[in-house]
Structure formats: C-alpha cells, structure tokens
Amino acid sequence: MAVSAFLTDATLCIGCKACEVACKEWNHIPADGFTFTANSYDNTNNLGASTWRHVLFLEQPTPLGPQVTGTEDPFRWIFLSDVCKHCANAGCLEACPTGAIIRTEVGSVYVQPDVCNGCGYCVVSCPFGVVDKNHEVGTAFKCTFCYDRQREGLMPACAKACPTQSIRFGEINDLRQQAQIRVEQLKQRGYSDARIYDPQETSVGGTHALFVILGEPEAYNFPPSPEVPTIHMKSAWSAALISALAVLLVVGLAFAL
Amino acid sequence: MAKETQITEDRLDALREEAARTGKLQHEGIVPVASPFPKAISATSYNGNPVLKAPTWTWQVPLYFFVGGVAGISAVIALVTHVSGNVGLMRVALWIALAGALISPPLLIADLGRPARFLNMLRVFKLRSAMSIGAWTLVGFSSAAALAVACHELSLGGYGNGALILLEWLAEIFAAFSGLILASYTSVLLGMTAIPVWSENRRLVPAVFLTGALGSAAAMLELLGFLIPATQFIGIVTSTIETIIAIIIEWRDRYVDRPLREGAAGWLTRAGSAVAGPTSLLLRIFWSHSPGARYIAALCFVAGALIARYAWIAAGRVSSRDPQALFQIQRPERRAATVT
C-alpha cells in the first residue's frame with residue numbers, strides 16, 4: 001500500500017467545518033459540549049480526544065495577499081482544518097509503553113483502542129499537543145487517519161466531505177509536489193507569505209499531514225521546529241546515571257565511615 | 001465616535017444602505033462587547049491557546065514517584081549495609097523496600113483505572129520508552145525485594161543454608177541495581193517529554209528526584225529509630241543538595257522555569273525546597289545532638305521531597321499551557337523580542 005497523506009490548504013478552506021462533522025459522524029466521536037469562546041467562529045479551540053479535525057479561525061491585522069478590503073485597518077480571515085500530523089518520527093509512538101500506538105502500512109500513526117491502557121505518556125510526548133486521554137473511557141484517542149476506510153480503499157471522511165478540496169488526500173510524494181506548486185502559484189498571485197508546514201528538517205522528520213499556510217506557523221499553534229522527545233534520551237539518562245553514581249558514593253561513604 | 005457605535009436597528013440599516021450605495025463603509029462599524037478580541041499572530045500563538053496537552057496523571061502518580069524512589073534507594077542502602085555488616089539496619093531497609101514495592105502497583109493502577117490495564121505494560125519492552133523501562137523495572141524490583149526479604153527472614157528463622165544465603169545476595173544485588181533505576185527513571189520520563197519545563201530541565205530533574213529519594217530513605221530509617229551518624233551524614237548531604245538545586249532554579253531566572261518560581265506551582269516548589277533544604281539542614285547542623293530535632297529534620301525532608309514531586313507535576317501542567325515557553329525554545333533568536 002502506498003504511503004498516504006493529507007494536504008490541508010488554508011487558502012482554500014472556507015471554515016464550513018464539514019470535516020469536523022464528517023469525522024465525528026464516521027468515527028462515532030462524542031460531542032464536545034457547547035461553549036462560547038469569543039475566538040472568531042472557533043468554539044472548539046483545540047484538537048483532543050473527541051476532536052480529531054479542528055477548524056482554526058485566524059483574524060489577523062494583515063492584508064490577505066493582494067486583496068483590498070476598503071477598511072482602514074488591514075485585515076484577513078484565515079481558516080485551516082488542523083489534524084494529527086502523523087509524524088514520521090512520532091513522539092506518541094515512541095513513548096507508548098504498551099505497543100498500543102503503531103505505524104500502519106499507509107504510514108499513519110494509529111492508537112489501538114483495545115491495547116491502550118491510558119497511562120497518559122503519549123499525551124505529554126506529542127510535540128503538537130494532539131493526542132489526549134478521554135477521562136470517561138480512560139484511554140487515549142486521536143485521529144486514526146480513517147484507517148478503517150483506507151483499508152477498504154476509501155479516502156478519509158474529512159477529505160471526502162471537504163467541499164473546496166482544501167483537504168486533499170493522496171500519496172505523500174505527490175502531495176508534497178502539489179504543495180510546492182500551490183505555494184509557488186500563491187506567491188505569483190501576491191500571497192508572499194504562503195508556505196508549506198511540513199517540519200522535515202527537525203527530528204520529527206516530516207509529517208503525513210502537510211499544510212499550506214499564510215504567515216508564521218506560531219499563529220496556527222504549529223510549533224516552529226517541533227522535536228520528538230526521544231532526542232533527549234541520551235542526555236536525560238546520562239544525567240540520571242551521574243546522579244545514581246553520586247547516590248552510591250554518598251551511601252557508601254555514609255556506611256563506611 | 002462613541003455615539004455612532006450604538007447597536008440599534010436604525011444604525012444597522014444606515015450602514016447597509018451606505019454599503020449598498022458606495023460599495024464600502026466610511027464609518028466605524030459596531031464595537032462588540034469584550035472587543036478587541038485576541039488576535040492569532042505569531043507573537044501570541046493561536047489566540048493564546050495552549051499548543052501542548054496537559055499531563056493527565058492523577059494524584060497517585062506523584063505519590064508513586066516518591067514511594068518508588070524511597071523503596072529503590074532503601075534497597076541500595078540494604079545492600080551497602082549488608083556488605084558493611086550492619087545487619088539490623090539492613091533488615092529494616094529491606095522491609096522498607098518491600099513495602100514501597102507493594103504500595104507502588106496499586107498507586108499506578110489507581111491512575112490507570114483498573115488492574116488489568118497494568119498488564120498491558122508487560123506486552124512489550126521498549127528501550128526508547130522510559131515508561132516501559134519503568135514498568136518492567138518495578139516488576140523486577142518487587143520480585144527481587146520480596147525474594148530478598150523472604151530469604152533473609154527464613155535465614156533468621158533458622159532455615160538458612162548456603163543456597164539460601166547465595167540467593168539472598170543475588171536478590172539484594174538485583175534489587176539495589178533495579179532500585180537505582182526505579183528511583184531515577186521517573187525523572188528521565190519527565191525529561192523525555194514535549195513539556196518545556198520538564199524537557200529543558202532534563203539534566204536537573206534526575207538530581208532532584210534521586211536526592212529526594214536518598215534523603216527520604218535515610219529519613220525513614222531515622223524515623224524508625226536509627227539515629228546513627230550514617231543517616232545524619234546522608235541527611236546533611238541531601239538537604240545541602242536540595243538547597244543548591246533551589247538556588248540554581250532561582251538564580252538561572254529562565255523564562256521556561258517560570259512555573260517553578262511563579263504562581264501556585266512555583267510556591268509549591270519553593271515550599272518543598274525550603275522544608276527539605278535549609279530547614280532540615282539547619283536543624284541537623286545546630287541541634288545535631290537532639291533526637292527530637294533529628295526526627296523533625298527527617299520529617300521535614302520527607303515532606304519536602306513529597307511536595308517537590310507534586311510541584312514538578314504541577315509545574316508541567318502550567319508549562320504545557322504556555323505556548324511562549326515552547327516557541328522560545330524552538331526559536332531562540334526571537335527570545336529577546338517576545339519575552340514580556
């Protein structure tokens with residue numbers, strides 16, 4: 001099976017949240033409850049155990065490419081559907097002590113719900129803050145990349161439901177190329193701050209959810225240079241080793257004196 | 001301008017008419033309640049929302065960090081005192097190790113929700129997951145501590161023979177070795193996460209946790225009546241290190257360490273350090289001959305070390321909510337621009 005990916009394009013998204021709804025319906029995810037955040041049209045706020053697609057609404061004091069708004073202050077309203085990044089080196093997968101989190105044949109990162117024991121280590125190990133524990137069930141949940149649908153040759157529910165092809169689904173190298181072409185097109189049209197978000201140069205090693213965004217990644221709550229926490233394995237364990245040797249020394253001295 | 005921003009139907013109609021006629025609006029629109037709203041810009045993150053997820057662990061987990069640490073180091077003390085011939089102390093230390101080993105799994109199970117879930121930890125062994133190493137270490141340590149206590153008690157009961165004594169030694173060596181891992185892996189576990197205050201202190205947390213475990217193990221022995229020079233020595237060394245660590249955290253004055261210095265988590269950290277560090281140290285130095293003062297010093301250290309476990313988890317929770325802490329680590333060149 002080919003390695004699949006999402007390409008989510010902020011310049012095509014219209015903020016309809018059809019992806020959120022399709023995701024919830026297909027995957028039978030519980031509701032998040034009614035909250036009013038006053039953050040533009042976003043009342044979901046974050047990805048979480050019961051939110052696997054999340055549409056961001058960015059109100060920014062910046063002009064949208066070449067557009068003239070006719071207002072005194074520059075303004076743009078950007079929408080983007082956020083999702084689990086399905087990292088090439090996934091912090092959650094590395095951290096999982098039960099082997100519940102696995103790499104599937106389509107390259108995605110999948111939490112096996114019957115194996116997860118809810119230890120919560122993946123929650124603090126995800127550099128993107130995606131996976132979370134459902135406290136009613138007691139185990140961890142995140143986007144499955146519609147693994148069940150993909151196995152049957154169907155595209156993920158969110159991509160299927162997207163009315164503007166803001167969410168594209170396909171083979172990862174094709175999509176990387178498409179993203180490149182799209183960004184060049186956008187730049188030619190005057191969207192000078194268009195860019196691809198796909199952190200390939202950090203220890204995360206690229207993701208299976210690529211994004212085309214306008215402006216800095218921080219505004220989308222995307223870490224500018226995310227790292228998989230296992231890069232700290234050596235330094236953390238060597239510090240522990242030094243401390244342990246010091247403990248042995250102190251205990252030895254104490255009882256030899 | 002204020003008079004024009006009254007929200008009335010007439011005003012809205014006027015705006016609509018003007019927009020239809022000229023194609024744009026010359027006047028101010030309506031100023032909504034609670035405006036201006038937070039803007040999603042790179043300097044503030046997405047409306048100031050957290051990037052990371054907060055730790056989900058229940059109150060049993062920091063307690064387990066403490067209990068596991070004391071048990072692990074007690075096994076080390078048991079081995080060393082066995083070598084140096086202090087068998088009375090060694091027996092008590094072994095029993096403390098076993099008690100800790102017996103309390104630990106129920107604490108972890110309480111966090112997981114039901115007992116069978118703990119078994120899932122033993123499906124695989126992953127060197128890259130500190131949690132996996134810890135689960136297996138706890139199992140190995142508990143078995144070794146139980147075996148060592150059983151062998152020792154059988155020997156005392158008159159069933160001793162060469163094989164039993166050899167078995168006891170092997171069990172004690174294994175318990176001491178796995179005990180060191182048990183007391184330290186929890187700190188490595190915190191250091192190997194995405195939470196800024198933990199990962200940026202990955203070299204410091206092992207020292208904090210092992211110092212707390214060593215001092216508390218010795219303090220437990222003191223509370224059980226072993227007011228000997230050895231426990232006093234360990235008490236003075238560990239409370240000195242606690243003091244130094246507290247000074248380091250305050251003196252470095254890093255943005256990422258704010259949860260350790262500010263707010264409820266910060267004061268919890270400081271309280272733990274103050275009790276286990278200077279308080280315990282001064283009691284030991286100035287009233288070294290008073291048994292009462294030593295009991296209080298021991299109690300102070302145990303309390304301080306326990307508080308410190310809760311404080312580090314609380315600091316992680318605060319740190320996970322602060323997008324700036326994360327962004328500044330990842331874009332150090334912008335640190336000067338975004339620190340407020």
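A word on conventions: residues count from 1 along each chain as its sequence is written, while chains are lettered from A and ligands numbered from 1 in the order in which they are written. Because the model is predicted, local features need pLDDT of at least 70 and side-chain atom pairs count only at pLDDT 80 or more, whereas totals for chains, interfaces and linings use all residues.

Let's begin with chain A. Its secondary structure comes to 7 helices and 10 strands; these are DSSP runs numbered from the N terminus, with helices being H or I of at least four residues and strands E of at least two. The C-alpha trace of chain A spans about 85 × 45 × 40 Å along its principal axes. Of the 257 residues in chain A, 52% are buried, that is, 20 or more other C-beta atoms, placed from the backbone, lie within 10 Å of the residue's own.

Now, strand 1 of chain A, residues 4-9. How many of its residues are buried? The count is 6 of 6. In general, side chains in a regular strand alternate between the two faces of the sheet. Here A:Ser4, A:Phe6 and A:Thr8 lie on one side and A:Ala5, A:Leu7 and A:Asp9 on the other, with both faces covered.

Who are its neighbours? Strand 1 of chain A runs antiparallel to strand 8 (residues 167-171) of chain A, joined by 5 bridges, and it pairs in the parallel sense with strand 10 (residues 209-214) over 4 bridges. Pairing here takes at least two DSSP bridges. A:Phe6 stands opposite A:Phe169 in strand 8 and has A:Ala209 as its bridge partner in strand 10.

On to where the chains meet. The contact takes 65 residues from chain B and 61 residues from chain A, contact being C-beta atoms, placed from the backbone, within 7 Å. On chain B's side, the largest share, 6 residues, comes from helix 2 of chain B.

B:Val76 is worth a look in the viewer. Among its contacts are A:Val247, A:Leu248 and A:Val251, along with B:Ala176, B:Gly179 and B:Leu180.

Last stop: helix 11 of chain B, residues 263-286. Its 24 residues reach 33 Å from first C-alpha to last, close to the 34 Å expected at 1.5 Å a residue, the expectation being 1.5 Å times one less than the number of residues. Where is the kink in helix 11? A kink of about 35 degrees lies at B:Ala274, shortly before the proline B:Pro278; that bend is the angle between axes fitted to the seven residues ending there and the seven starting there.

Definitions and conventions
Buried ≥ 20, exposed ≤ 12 C-beta atoms within 10 Å, placed from the backbone. Contact = placed C-beta atoms within 7 Å. Lists of a residue's contacts leave out its neighbours within four places in sequence.
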